[in-house]
Amino acid sequence: MREMAGSDGRLLTVDEWVELEDPDVGRQELVDGVLQEPEVTGATHDVVAALLHAVLVPWASRQGGFVCAAGVHYAIDERNGRIPDTTVFLGGRRPPAQGLV
């Protein structure tokens, strides 16, 4: 996993991380203030993700919730942020249209 700090070499905060608009950054996550590229995945990962979504979407819908694919940014704390492959929201909870959860 390749690591890199902000363009000026300093550690990033989650607020700075979510505002990055560099297309080269892609789905990098923030670990201890440092951007980390996710592991390279392949077809098996994508098939499992698709099957997981196929099972979770109807279940979550019956619970009054919904399922999000990768793209939701979670702030764990000030210097750590993750982008999970799948997120389930239940109980009427909804993430913001943009920004951190």
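This report covers the fold, the nonpolar core and one surface patch of the chain.

The model is predicted, so local features need pLDDT of at least 70, side-chain atom pairs count only at pLDDT 80 or more, and totals for chains, interfaces and linings use all residues. Residues are numbered from 1 along each chain as its sequence is written, and side-chain values use heavy atoms, with hydrogens and water left out.

**Overall fold**

The chain has 2 helices and 7 strands. Helices (H or I, at least four residues) and strands (E, at least two) are DSSP runs, numbered from the N terminus. The order of elements is β-α-β-β-α-β-β-β-β. Of the 101 residues, 27% are buried. Buried means under 20% relative accessible area, exposed over 50%, and partly exposed in between (1.4 Å probe, protein chains only). The accessible surface comes to about 6,600 Å², and 55% of it belongs to carbon and sulfur atoms. Accessible areas come from the Shrake-Rupley method with a 1.4 Å probe; for residues, only the protein chains shown count as cover. Among contacts (heavy atoms within 4.5 Å) with a separation of 6 or more, 58% join residues 24 or more positions apart.

**Core**

The largest nonpolar core has 6 residues: Leu12, Val14, Trp17, Leu30, Leu35 and Ile83. Such a core is a set of buried Ala, Val, Leu, Ile, Met, Phe, Trp, Tyr and Cys residues joined through side-chain atoms within 4.5 Å. Val14 lies in helix H1 (residues 14-19). Val14 counts as buried because its relative accessibility is 4%.

| Residue | Touches |
|---|---|
| Val14 | Leu30, Ala75, Asp77, Glu78, Arg79, Asn80, Gly81, Leu100 |
| Ile83 | Trp17, Arg27, Gln28, Glu29, Ala70, Gly71, Val72, His73 |

E7 runs antiparallel to E4 (residues 66-69), joined by 4 bridges. Two strands pair if DSSP finds at least two bridges between them. Ala69 stands opposite Thr86 in E7.

Leu90 sits in the segment after E7 (86-89). Leu90 is partly exposed, at 33% relative accessible area. Trp59, Val88 and Leu90 make a nonpolar surface patch of about 220 Å². Patch residues have over 30% relative accessible area and no salt bridge; like charges are joined within 9 Å, and nonpolar side chains (Val, Leu, Ile, Met, Phe, Trp, Tyr) within 5 Å. A salt bridge is a side-chain nitrogen of Lys or Arg within 4 Å of a carboxyl oxygen of Asp or Glu.

Terms used
Lists of a residue's contacts leave out its neighbours within four places in sequence.
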